[in-house]
Amino acid sequence: MTRPLVIGANVYDYGTDAGAWRAPGEDPLRIFGADFWRDAARTAEDAGIHAIFLADTPGLASNPAIRPSRLLEPLATLATVAAETEHLGIISTVSSSTNDPVELARRLLTVSAFSGSRFGWNVVTGVTGPAITDFGYESDPGREERYSRAEEFVEAYSGFVDAVRDDTDYLHEGEYFGDSIRRADLGVDPAIRALLPDVAPLIVQAGGSPRGRQLAAASAEAVFAAETVKEIAADNRRDLRQRAADLGRPAPLVLPGIHLVVGSTEEEAERRFELVHERGPDGYVLKRFTAMFGIDGSRLDLDAPAEDEIRRLSGDPSAAPIGFRKAIAAYGAAGNLTVRELLRYFAGFGHQLFVGSPERLVDIMTDWVDAGAADGFNLLFDTNPWGLREFAEHVTPVLRTRGLLADPGDQPFTRWMREARR
């Protein structure tokens, strides 16, 4: 029997679909107000969702005149979510390339204490676009340097949290960071130390490359995975679990992303997908697809097999996430899709796209967990808050009827997630 699932929600501002901010009946300015986030928080908690996750980049993620996204600083936004809820976990992206590990540890311990031990941070390495020079870089440091820094960053961060917990001096000397702090000068209130380990923020990782999986095995407690093919997802989860075992750690929970378009019936969901998707900017999905694979769009044959075209034309887009590229290419190959067919699926931006009924969605979730491909899922809705409300209305009852929605009880979110790994 399938064990209960861990369910997270990536409330991606307006929604994941490029046309989300133009969805009928939605106010495109509402995300800038606290009421939007209070509504999302209450809906998610009432739906039995375990955590809200906000992705972020240092700086605007895209041209807001074309497709506005990631417009709000996540820690400030999540403070509103925490204040509105009692049990809902809150998880924010934080870049190891644009922070200091000691300063971040002090700040996040405070955030976690404020939330009642419900906070986690998703370790990313990215620093892109105009933000590069904001943080002292002359150019993109490159994937290898960013991961080297991230590995040491998490080590230095964790060492500081341990020093606070044990009330000892802190010492770290490495290639990127170095600090020596006496126990009396750690700068964390003793009341926070008394709440450890529960108040220690959950560490999440999302990299799909071998280097990213190694970082996850060494430090993460949950992984947001980009997976589109069940068998490949199961292989990657086994690899991650073996890496963690080799390091003497319990494996992190693996939560693949699903871009959801749910309706009470298959037909209703399909109408909903078309209604939102047709409002996206002309050519946006194709441009994003070709940029991810480093492809010259003028040479792309939309009616050719996607696997052949990706192999023929792909360059080396070093800034693009390896996990997303692999997931999309694998889906095209597994389904023998044309480029045109894959572009529809690419509306999921690297995560598996689901358009359909709640019963079929829960069947797929169950199948993936039973196959060892997932411990739960991180959900991305086509539009917000419409998609989140649809999930609460249609999918949550099915999960509860089948006994598939885990109940953390009154445990702090961080403690429950750590115990779920065992």
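Two strands are taken to pair if DSSP finds at least two bridges between them, and helices (H or I, at least four residues) and strands (E, at least two) are DSSP runs numbered from the N terminus. In this predicted model, local features need pLDDT of at least 70 and side-chain atom pairs count only at pLDDT 80 or more, while totals for chains, interfaces and linings use all residues. Residues are numbered from 1 along each chain as its sequence is written, and side-chain values use heavy atoms, with hydrogens and water left out.

**Strand E1 and its partners**

- In strand E2 (residues 51-54), Phe53 stands opposite Asn10, and E2 is joined to strand E1 by three bridges, the two strands running parallel.
- Strand E11 (residues 376-381) also runs parallel to E1, to which five bridges join it, and within E11 the bridge partner of Ile7 is Phe377.
- E1 spans residues 6-10, and five of its five residues are buried, where buried means under 20% relative accessible area, exposed over 50%, and partly exposed in between (1.4 Å probe, protein chains only).
- Val6, Gly8 and Asn10 lie on one side of E1 and Ile7 and Ala9 on the other, and both faces are covered.

**Nonpolar cores**

- A nonpolar core is a set of buried Ala, Val, Leu, Ile, Met, Phe, Trp, Tyr and Cys residues joined through side-chain atoms within 4.5 Å; the largest one here has 76 residues, of which Ile49 and Trp121 touch the most other members.
- Helix H5 (residues 143-166) gives the most to this core, contributing ten residues.
- Apart from this core lies another, of 25 residues, including Ala18, Val261, Ala269 and Leu313.
- Leaving aside neighbours within four places in sequence, Ile49 is in contact (heavy atoms within 4.5 Å) with Ile7, Gly8, Ala9, Ala44, Leu88, Phe381, Leu388 and Phe391.

**Cavities and a pocket**

- On a 1 Å grid over the protein atoms alone, a cavity is a set of points where a 1.4 Å probe fits but cannot get out, whereas a pocket is an open set with protein on both sides within 12 Å along at least five of seven lines, and lining residues have an atom within 4 Å of a point.
- Grid points are joined across faces, edges and corners, and a volume is the space filled by probe spheres set on the points.
- Among the residues lining the largest cavity are Asn10, Tyr12, Trp37, Leu54 and Arg70.
- The second largest pocket has a volume of about 470 Å³ and is lined by 20 residues, with Ser158, Asp162, Ile203, Glu221 and Arg418 nearest its centre.
- H5 supplies the largest share of the lining of the second largest pocket, eight residues, and helices H7 (210-219) and H16 (413-420) each supply at least two.

- Phe289, in helix H10 (residues 284-293), is buried, with a relative accessible area of 1%.
- Not counting residues up to four places away in sequence, Phe289 touches Ile295, Leu300, Ile310, Ile328, Leu342, Leu343 and Phe346; Leu342 is 53 residues from Phe289 in sequence and 9.7 Å away in space, C-alpha to C-alpha.
- Pro397, in helix H15 (residues 386-401), is partly exposed, with a relative accessible area of 37%.
- Pro397 and Glu359 are 38 residues apart in sequence, with 9.9 Å between their C-alpha atoms.
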